[in-house]
Amino acid sequence: MTTSTNPTPMSPNPLVSTASMGDLRANIRNRKVFDGLFGVVAILALLVSILALLALFLNLAIQGAERIRPDFFLSFPSRNPFEAGILSAWVGSLVVMFVTALVGIPLGVAAGLYLEEYAPKNTITHFIEINIMNLAGVPSIVYGLMALGLFVYKFQFGQSVLSAGLTLALLALPIVITATREAIRTIPNSMREAAYALGATKWEVTSHHVLPYSLGGILTGTVIALSRAIGETAPLITIGALTFIAFLPTPPFSTEAPFLSFQWIWDAFTVLPIQMFNWVSRPQEEFQKNAAAAGVVLMVMTLAMNGIAIWLRARYRSRIKW
Amino acid sequence: MQLDSTTTLETAEPMVTPLRAGPLLRKKKAKESVITLMLFLAAFSSVLVTAGIVGTLVVESLAFFKHISLVDFFTDTQWTPLFSEPRYGILPLVAGTLVTTCVALLVSIPMGTSIAIFLSEYANKKWRETLKPILELLSAVPTVVYGYFALLFVSPIMQKIFPEMGAFNMLSAGLVMGIMIVPYVASLSEDAMRAVPSALREGSYAMGSTRLQTALRVVFPSALSGISAAYVLALSRAVGETMIVAVAAGMQPNFTLNPTESASTLTAFIVQVSLGDVPHGSIGYQAIFAAGVTLFVITLFFNLVSFWLRRRYRQAY
């Protein structure tokens, strides 16, 4: 960019001749103009991104406003767009997230602990690390294909809450592992050494010190991972989630013996993003309003989770100072 | 643990009870190794996931390639697996993926790079720390919501510019996908630029460069491998993105490089088949795995390139 700012060759000593002094001034002025101009362009790029986010949310809110009524949350999907609601969808999202969190968080945190605290520096560890980095880049729909072949057909879990929860747990795994490792890495070694000096075993050091101190970072990463998982659509469509579900999963508690039932993990399900996708792909405008309303609910959920993550990060950062 | 009772046996009256590898210690040791094993298994499960992905894709697509030759797969220009006379050429899907990806990169690379330069070279810490989380919200929006946005907000606007364009087109899908990817490009490139030692920057400023000159001639070239890693990762994201194209690009396989037309992509095709009722083990079922394996190989290749580039720039300083 700046090559064009110096049209005449400079004299050997520009400070002497007044003519080239003027050239130099023009040169500096030009460069400053480009410098400022780029700043404006960059701010515009930032504004475009932020405005796109704003436009997206406002568009959803305006389109969907008339549908967001208590009834919308309390009724099943229907052929009549005015009666259709998201009851089975949000309950499904909640139930699937429960399975995802139950499987994904312990597995991810344990893997992160191993890699950061226990793993010897050898080929196997290196291989696991590269593998995790690679998994983070695999498109989510490929996880869906794996789940279709493995969970749905090979393990005979069917198109159930269990299959869906496991799929999303595996999808969230790399995020949880990375967040755990980053959180653990911030703990100074002196904390560990102090505990070892008092005779603690490795697991005692890990469970009494490393884990509690890194909890803030781990929680933040976990919430972000779950907020990604709750918006995932493609892998769940791939495993064959139904788009029209007019019933709820079996309640886990009952009044008859044995009082506790795990039937719900085998039930068919739908989730919010799939419900929204179903409505978006219909040509009638009335259904698209339903889609917008479902989108608002989905956005509020993910934004709230991200807000919680940011708040958690700030809170733990200000509380712990090594 | 190494302390043994034999060392203290000589003293007549030991002051402290000698440490023995007694049952308590042995129990503790056993517990430790069980825990270590469990943690290792948790870490190793990620390898099993990869094995599961590769295994499933390979088994199902091998079954597919028993019926369809590789030559047909790569050269046929028709992809109609659900027709009565099915044709299985992957090219239309690859073309669709290529077009949407290119449009997305044309948006996200210039925008992301200039935002990264701004955040790293122009903005102070306070600006950076407020702007980055806001920008990252863009990547937190569920992709199906982006799909809605592309189809019902961006597409009508684009139709005013290109009046002959249909509601489903690759252009709007690609544009929205580009916006979605901006945070990846911006934040990864910014990390790479900030890793450039400030001595280089100071040297440049001492020679009288402006911020822009320093950014473009010193910082950008020094961070080039990290920045290109960011670009490649963005590319891989765009190739694997599903819901935006499934909603907004139409799902008709169409062998074209014209972004104003509608077309299907590798990912959108998988969604389309999954929505229907395709019986397990049928050729349609196997076809989505063939598309999946193509997708997996493409993204794996780009991820490895990105990984290699990133490692190179880490070694640089």
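**Figure 1. Aromatic pairs in the predicted model.** Counted over all chains, the structure holds 22 aromatic pairs. The model is a predicted one. A pair of aromatic rings is described by the distance of the centres and the angle of the planes.

**Figure 2. The ring pair A:Phe155 and A:Phe157.** How far apart are the ring centres of A:Phe155 and A:Phe157, and at what angle do their planes lie? The centres are 5.7 Å apart, and the planes make an angle of 55 degrees. Planes under 30 degrees apart count as stacked and those over 60 as edge-to-face, with the rest called tilted. The angle of 55 degrees falls between these cut-offs, so the pair of A:Phe155 and A:Phe157 is tilted. A:Phe155 has a relative accessible area of 43%. Residues under 20% count as buried and those over 50% as exposed, so A:Phe155, at 43%, is partly exposed.

**Figure 3. The ring pair B:Phe118 and B:Tyr122.** B:Phe118 and B:Tyr122 form an aromatic pair with a centre-to-centre distance of 6.0 Å. Their planes are 25 degrees apart, and the pair is stacked. Where in chain B do B:Phe118 and B:Tyr122 lie? Both belong to helix 3, which covers residues 91-122 of chain B. The two residues are 4 apart in that helix, so about one helical turn separates B:Phe118 from B:Tyr122. Is B:Phe118 buried or exposed? B:Phe118 has a relative accessibility of 7% and counts as buried. B:Tyr122, with a relative accessibility of 14%, also counts as buried.

**Figure 4. The fold of chain A.** Chain A has 11 helices and 0 strands. Read along the sequence, its elements follow the pattern α-α-α-α-α-α-α-α-α-α-α. The radius of gyration of chain A is 27 Å, whereas the globule rule gives 20 Å for 322 residues. The value for chain A is well over that of the rule, so the chain is more spread out than a compact globule. Taken along the principal axes, the C-alpha atoms of chain A fill a box of roughly 100 × 70 × 40 Å. Buried residues account for 50% of the 322 residues of chain A. Of the contacts in chain A between residues at least 6 apart in sequence, 73% join residues at least 24 apart.

**Figure 5. The fold of chain B.** Chain B has 12 helices and 0 strands. Its radius of gyration is 28 Å, well over the 20 Å that the globule rule gives for 317 residues, so chain B is more spread out than a compact globule. The C-alpha trace of chain B spans about 100 × 65 × 35 Å along its principal axes. Of the 317 residues in chain B, 52% are buried. Among contacts in chain B with a separation of 6 or more, 69% are between residues 24 or more positions apart.

**Figure 6. Surface and charges of the two chains.** Chain A has an accessible surface of about 15300 Å², and carbon and sulfur atoms hold 67% of this. For chain B the accessible surface is about 15000 Å², with 66% belonging to carbon and sulfur atoms. Chain A carries 21 positive and 16 negative charges, whose mean positions are 10 Å apart. In chain B, the mean positions of the 22 positive and 18 negative charges are 9 Å apart.

Terms used
Residues numbered from 1 in each chain as written. Chains lettered and ligands numbered in written order. Predicted model: local features only at pLDDT ≥ 70, side-chain atom pairs only at ≥ 80, totals over all residues. Heavy atoms only, no water. Rg over C-alpha atoms; globule rule 2.2 N^0.38 Å. Buried < 20%, exposed > 50% of the residue type's maximum accessible area, 1.4 Å probe, protein only. Contact = heavy atoms within 4.5 Å. Areas by Shrake-Rupley, 256 points an atom, 1.4 Å probe, with all protein chains shown as cover. Lys, Arg positive; Asp, Glu negative; His and termini not counted. Charge placed at Lys NZ, Arg CZ, Asp CG, Glu CD. Phe/Tyr/Trp six-rings, centres within 6.5 Å; stacked < 30°, edge-to-face > 60°.
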